[in-house]
Structure formats: C-alpha cells, structure tokens
Amino acid sequence: MTYDKNQIFDVLDNFIIELPSWAFGNSGTRFRVFSTEGTPRDPFEKIEDVAQVHKYTGAASIVSLHIPWDLVDDFSKLKEHAENLGVTIGTINSNVFQDEDYKLGSLCNPDPKIRRKAIDAHLKCIDVMRTVGSKDLKIWLADGTNYPGQDSISARQERLHESLQEIHDALDDDMRILLEYKFFEPAFYHTDVPDWGTSLVQCQALGDKAQVVLDTGHHAPGTNIEFIVAQLTRLGMLGAFDFNSRFYADDDLIAGAADPFQLFRILREIVTAGALSAEKNVNFMLDQCHNLEDKIPGEILSVLNVQEQLVKCLLVDEDSLIKAQKEGDILTANQVLMDAYATDTRPLLKEWRQSRGIPENPLQDFAASGYLDQAKKNRQGGQQAGWGA
C-alpha cells in the first residue's frame with residue numbers, strides 16, 4: 001500500500017524503539033573505556049536519561065536492561081521509577097561473558113558445572129522478568145574457540161541446545177527467548193552462534209517461545225541484511241531487530257551514520273513484510289554505545305535517523321513500483337525506490353511532532369533544556385555506570 005499523511009502519522013505513533021540501558025553508561029574500545037561527566041551511576045539514573053530521549057522524540061518509551069550490569073536490590077522499585085517517568089522496562093539481556101569462569105564458554109562450556117552456572121544466571125533473569133513485567137529474554141553468547149581441535153564444534157552445538165532448552169522450558173507461556181548471533185568476536189577460530197541460520201535452527205528446535213535477533217553490525221562486510229530480514233519475517237522467526245551502524249565491524253555507532261541507504265533498504269523490507277504490525281511482535285532496539293559523544297543526544301539522533309528513513313519507506317509509490325516490476329522495467333523500479341529515498345522527510349516529521357506536542361527540534365531543544373548541565377552537577381561522587389557496572 002501507499003501511505004497518505006494520516007497513515008504515516010499513525011505508523012509513527014505506534015513505532016517505538018527500545019533503548020539499551022548500557023548506551024547511557026561509559027563505553028569505549030577494547031583498549032579503554034572513556035568517562036563522561038554526568039554519566040548515570042545506577043539503573044535509576046539511566047532510566048531518567050531514557051525518559052529524556054522519549055520526551056524529545058516521542059518514540060523511545062521502553063528501556064532494555066542488562067543483567068548483572070543493571071542489578072538492583074528491588075526491581076519492583078525500579079519498575080515503579082520507570083513508570084513514573086513514562087518508561088516501560090522491556091527486554092532483559094543476559095550477560096555470561098564477563099566472568100572468569102566463562103573463559104572457555106558459558107552455555108557451550110565443556111565443564112557441566114560452568115554450564116550449570118550459566119543456565120542459572122538465565123533463570124535469575126527470568127525472575128527479574130517476572131518482577132518488571134518483561135516478556136523477552138535476549139541471549140548473546142561470546143562462546144567459541146580460538147584454535148582447531150580446542151573443542152568439538154558439534155558437541156558444543158549439542159550443549160547449546162540442551163542449555164537453551166532448559167532456559168526455554170523455564171519461561172512463562174507469554175515469554176520468549178530472543179537468540180542473537182554474531183559471526184565473529186571474541187573467539188578467533190569459530191563462534192558458536194555465528195549467523196542467522198544457526199540461531200534459526202537452534203530456535204526452531206526449542207519450541208514456540210524462541211525467535212532470532214538480527215543486529216545490523218553482526219555480519220560480514222557486504223552481507224545483504226535486508227534479505228535476512230525478509231527471510232526471517234517470512235518464516236515468522238524475526239523476534240527482534242537491533243539498529244546501529246558499522247563502518248568495519250560491530251561498531252555500535254549512531255544508526256544510519258555509516259550507510260543511511262542501507263538503513264532505508266532494511267526498513268523497506270520491514271515495512272513490506274508487515275513487521276511493523278503488533279501481530280508480528282518484532283522488538284526494535286538501538287544496540288549501540290557512545291564512546292565520544294554525549295549519550296542522550298546520540299540516542300536522540302539515532303531515533304531521528306530511523307524515523308526519517310522509515311517515513312521514506314512509507315512514501316514509496318507502490319503502484320508504480322509493482323507495475324514496473326511486473327513489466328520487468330528494471331530502471332523504473334529502481335528509480336521509484338530512489339525517488340522515495342531522495343525525499344527530505346524532516347518537514348513531515350516536524351509536522352508530526354507539532355501535532356503530537358513533541359518538541360519540534362529534538363536535538364536543539366534538548367541542548368537548550370539544560371538537562372545535561374544539571375546532571376553533571378547532580379551526579380557527583382559514586383561510581384559511574386559502564387561496561388561491567
């Protein structure tokens with residue numbers, strides 16, 4: 001279908017991008033984590049920053065937590081704090097890659113005691129989910145090997161299935177596992193969940209409560225990510241999509257920074273596959289970190305970039321495109337898409353924001369609010385949040 005303005009506004013009203021709590025903590029490279037004034041010191045302050053992104057975009061009312069990075073004494077209080085700020089706690093992300101015991105893997109580890117520890121860590125995540133009302137458990141594993149012969153690849157796949165099955169069976173009926181993949185890092189020889197095919201077959205073997213997570217940066221250079229979106233959506237197995245941007249690898253940069261046309265192409269497949277509908281239940285999230293820039297403006301800009309490309313997808317002249325495709329008119333078909341991509345959608349988004357009482361110029365209006373200056377004054381002392389904290 002071709003969307004008119006009212007329909008586009010309806011899509012924007014319902015398109016919510018989940019924000020990662022870790023995007024508001026300090027991050028960096030494999031060589032150093034950099035600190036920034038005013039960085040949150042705990043999950044409560046992270047959620048306060050999330051609420052700012054939502055205030056200035058109207059599209060970021062959900063926060064994704066990372067366990068144990070976001071452990072608190074009372075998750076019911078964290079949930080209440082979020083709700084008071086207009087924020088919902090969404091996906092719970094497990095972390096079984098920063099403990100000394102996981103040096104040789106977690107769910108795939110050859111030692112059954114270590115696997116037991118990793119499974120139990122996920123069961124604790126499920127307990128958190130029950131408290132905060134989350135329905136999604138996202139699992140990314142750093143498991144893999146560095147050398148041929150270090151361990152049995154096939155045996156590790158069997159261990160992975162057995163571990164995931166126990167976690168899957170512990171879920172409530174309305175919960176699901178979202179299994180992420182990454183074709184490399186930190187293992188050098190092989191990664192245990194390196195691609196969408198591995199994630200897919202593992203999820204299909206588990207049962208109805210498991211789907212695949214697709215992260216923009218988790219692919220080899222040149223991978224046609226929109227093709228994977230189309231395939232997984234066609235199978236009903238795309239559970240989540242993590243937006244970021246990459247120049248070389250998993251750079252986790254502001255969405256659309258490296259290749260906005262790729263972002264457009266991906267969103268085009270999301271739109272045409274109907275993955276925006278509530279029935280598809282695809283979770284959209286910004287999985288990124290901000291090493292150099294301020295965190296809140298970085299998240300605001302990412303949301304704006306995704307919205308701009310989404311609206312371009314909705315402006316495609318579908319009738320002309322279908323006609324050209326049926327006639328084999330290659331250049332016209334391509335030009336129809338390029339015409340939509342070349343459209344400046346910022347005025348339309350500004351009109352939408354005006355009509356919804358959202359600040360017209362999110363980045364400028366946030367900068368003028370003085371929130372960051374106040375945060376720098378208030379957040380003195382204590383330990384800033386960051387990787388591992």
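Reply: Accessible areas come from the Shrake-Rupley method with a 1.4 Å probe, and for residues only the protein chains shown count as cover. On that basis the accessible surface of this chain comes to about 17,200 Å², and carbon and sulfur atoms hold 50% of it. The model is a predicted one, in which local features need pLDDT of at least 70, side-chain atom pairs count only at pLDDT 80 or more, and totals for chains, interfaces and linings use all residues. Residues are numbered from 1 along each chain as its sequence is written, and side-chain values use heavy atoms, with hydrogens and water left out.

Me: How many helices and strands does the chain have?

Reply: Helices (H or I, at least four residues) and strands (E, at least two) are DSSP runs, numbered from the N terminus. The chain has 14 helices and 10 strands.

Me: What does the radius of gyration say about the chain?

Reply: The radius is taken over C-alpha atoms, and the globule rule is 2.2 Å times the number of residues to the power 0.38. For 389 residues a compact globule would have a value near 21 Å, and the chain agrees because its radius of gyration is 21 Å. Along the principal axes, the C-alpha atoms fill a box of roughly 60 × 55 × 40 Å.

Me: What share of the residues is buried, and what share of the contacts joins residues 24 or more positions apart?

Reply: Buried means under 20% relative accessible area, exposed over 50%, and partly exposed in between (1.4 Å probe, protein chains only). Of the 389 residues, 52% are buried. A contact means heavy atoms within 4.5 Å. Among contacts with a separation of 6 or more, 77% are between residues 24 or more positions apart. Beyond its neighbours within four places in sequence, Ser199 contacts Leu179, Tyr181, Val193 and Val212.

Me: How many positive and negative side chains are there?

Reply: Lys and Arg count as positive and Asp and Glu as negative, while His and the chain ends are not counted. The place of a charge is NZ of Lys, CZ of Arg, CG of Asp or CD of Glu. The chain has 38 positive and 60 negative side chains, and the centres of the two sets are 2 Å apart.

Me: Which backbone features deserve a separate look?

Reply: Most residues other than glycine have a negative phi, and most peptide bonds are trans. Here a cis peptide bond joins Ile67 and Pro68, with omega about 20°; Pro68 is in the loop between β2 (62–67) and α3 (75–84). Another cis bond joins Glu185 and Pro186, with omega about 5°, and Pro186 sits in the loop between β6 (176–180) and β7 (190–191).

Me: Where is Asn281, and is this residue buried or partly exposed?

Reply: Asn281 lies in the loop between α8 and β10 (283–286) and is partly exposed, at 44% relative accessibility. Although not a glycine, Asn281 has a positive phi of about 55°. Asp252, also not a glycine, has a positive phi of about 55°; Asp252 is in the loop between β9 (238–243) and α8 (260–272) and is buried, at 13%.
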